[in-house]
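Work through the exercises below with the sequence and the structure in view. Each task is followed by its solution.

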Amino acid sequence: MQLLMFYILGFGAVLSALLLVTSKKPVNAAMSLIATMFCLAGLYVLLDAHLVAVLQILVYAGAVMVLFLFVIMLLNIQEKEGRLAGSTIALQFVSILGVGMVFVIAASLVKVRGALPTGGELFPFGTTKAVGSMLFTEYLLPFEIASMLLLAAIVGAVILAKRRISDAKP
Amino acid sequence: MKWMLFSPEIFYLLAALCFLLLSMTGRLHRRRDHHIALALAVAGVAVCVASLQLEGSLFSETYKIDLFSQVFKLLLSVGLALVVGICSELRGIQERYEHEVYLLLFPCTLATMLLVSSIHWLGVYVSLELSSYSLYILVALRKDWTQGIEAGLKYFLVGVFASAMMLFGMVILYGTTGTLDVKQLAQILPGLMSHAAVVVGLLLALSGFFFKLAVFPFHFWAADVYQGAAHQIAAYIATVSKVAAIAVLVRMVAMLGGSSDYFVHVLAVLSVVSMTVGNLAAIAQKDLKRLLAYSTVAHAGYVLIGILSMNPGGYAGAIFYAMAILVMKFTVFLVLVKVAWDGTNLEVDGLAGLHRRSPLLAMALMVALFSLAGLPPTVGFTGKFLIFTAAMERGHFALVLIAMINVVISLYYYLLMLRAAYLLEPQEQCSPLSLSAPIKLLAGALVVVMVAAGIFPRYLMDLARNAAQGLM
Amino acid sequence: MVTLNSYLTLSAVLFSIGAVGVFTQRNALIMYMCIELMLNAVNLTFIAFSRYLNDLGGHVFVFMIMTVAAAEAAVGLAIIMALFRNKETVNVDEINLSKG
């Protein structure tokens, strides 16, 4: 059952990722990315990462991608279609490089971690309580830095977005 | 009082919040804001000096305070104070956003300080992102909005791509060792360095800092971003941001580098390519800031030589070079800001007649260029000397030879700038530049520092050595 | 039972697809989405390692990556919007600066 779910979700993720990188319209790309994210959320559940799975849908597929869609609709981008890459040779070269990277990395990882024991069912793994208690003890500093990061991002987004072209004469 | 250990960071956090409040009041007093920023930045230097001798660790041993981190915090605070010092006329940025410039500069400096102390990948990642985001926004705030936004977009895309690479490296290290703590990693990793995956993971995990330092595969943002950003922001990127990147690279390589030949070879290749690409590209540049950007790429290559020597001398050399870069690059940008006072970009030929328009600035430029090129009585020479001798000790003769050739190549374009400043006559009559007394004092002080640190480097060298000693 | 290697291969494939996308796409928005895909692949690797190492550190890391991604989206989309309002394009080939 788990294996079946893995293959369905994994296949879905790869398929929608391929749709993303080949799409020419931003809306299609955003929709494929959302599909990928849902598939990944399913995989997280398979891996007992319940909190992260929920956050994946709420934050990533929800908030972040809705922001993307908002911007796409707001701008109503009418791009000239058709041209995907600068040149086909470069495209092929890069694709080969990318595919090569997959195998190199996957293979090199296999060597280091050959057979791992599956985690025991000792404690409720990946629940809100477990992750939360780590977040506020061991990882307090990154958590606080993240709050500063969000502040800087909000300020930046506001001033960049409200800038008028009229007051931007060189 | 464990919180005393954290005092520089707390100070910069409060300073940033102070500007948040000021920006919410909405009213703009340009002079007042600049004075507040300058006062806070100078006070920050004082706080960093006071906390120079502190030692300890915080946050469940994920945050280390030692001489190394405190020396770099001092350097970063000095860098911020210098950059704020030339922000008195932010012609490159619209007046409406001046609060925000300070509001973003202070958290960015805070983030770089967190970076030099963090010894946990998560802390490193989040603070790197904080410093990057502040800079993406600052670059995009250029008054000439086309240039700023385009440079900001390029910086953003390359930066996010580099951080994805970095995360992939971190996850490989996590998977192969089971820990995210750099200190635990330092104990496990030496035994695993023969695995290709570990070396690849480590290199990828450092790629975020290669990006910050503008090392070869991640260097192509530098020229556009320097050109597109306001002069003051470009000065900040060229000094503070670089110093922080050097700090993290030195610490991580010192803790994790071990004795892997592959790792050293890859770093050597990156160093050679960075030097050569940077110097050759710099020759072709007309725009002064683009030229400086490529010279930064070349300097990143020199610093890498010190780091990959992996001996105390090499680390001390890299630390010393970070100090040198801070002063030299800042001096050139000081001249740039004053000559291009209206905030537009400056061609190299635009320096023409500088020796008559302002002899002091011309002299500062000359000393800074000599220092960047590595000519003897300056701090740049001492830095290069320390790095090259450390590399020779480890037998990297070929590497040092290539670096020497590169130094000669770089001499060409530095002399070209000097020729523009001293020998070329300006096309139209230019009025003398009027400098305020503090700026004159600053320029004079920088010249004195560059020469004095070149002739009597003893104190700074000892400081760098002691800081490097704590790393091993 | 699904092995760790299946997860690793899947995430390496997703990461590479994202990286290929960054190099082949010319639309800044889609390029940015491809980078998001790469981050998602990293997240999957973290979660998989976390499960098989029985260590929650990876979950916290993913939590932070998501937080940062949210901030990143705000900043990145603001820049892209500003670019579009100024130049009526989000095609990186039509940006003059990126030459040379």
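**Exercise 1: a pair of helices**

Task: determine the handedness of the crossing of α11(B) and α12(B).

Solution. The crossing of these two helices is left-handed, that is, the near helix is turned anticlockwise from the far one by less than a right angle. The model is predicted: local features need pLDDT of at least 70, side-chain atom pairs count only at pLDDT 80 or more, and totals for chains, interfaces and linings use all residues. Residues are numbered from 1 along each chain as its sequence is written, while chains are lettered from A and ligands numbered from 1 in the order in which they are written.

Next, take the geometry. Helix α11 of chain B covers residues 261-283 and helix α12 of chain B residues 288-309; their axes come within 7 Å and cross at roughly 155°. Therefore α11(B) is roughly antiparallel to α12(B) (angles over 145 degrees).

Last, sort the contact of α11(B) with α12(B) by class: 19 nonpolar, six polar and no charged residues.

**Exercise 2: chain A against chain B**

Task: find which element gives the largest share of the side of chain A that touches chain B.

Solution. Start with the contact (C-beta atoms, placed from the backbone, within 7 Å): 23 residues of chain A meet 31 residues of chain B. Elements giving two or more residues to the chain A side are α4 (88-112) and α6 (140-161) of chain A. The largest share, 13 residues, comes from α6(A). By class, this side has 17 nonpolar, two polar and four charged residues.

Methods. Two residues are in contact if their C-beta atoms, placed from the backbone, lie within 7 Å. Helices (H or I, at least four residues) and strands (E, at least two) are DSSP runs, numbered from the N terminus. Ala, Val, Leu, Ile, Met, Phe, Trp, Tyr, Cys and Pro count as nonpolar, Asp, Glu, Lys and Arg as charged, and the others, Gly among them, as polar. Axes are lines fitted to C-alpha atoms, for helices over the stretch in contact, and angles run from 0 to 180 degrees between N-to-C directions. Angles under 35 degrees count as roughly parallel, over 145 as roughly antiparallel, 65 to 115 as roughly perpendicular and the rest as oblique.
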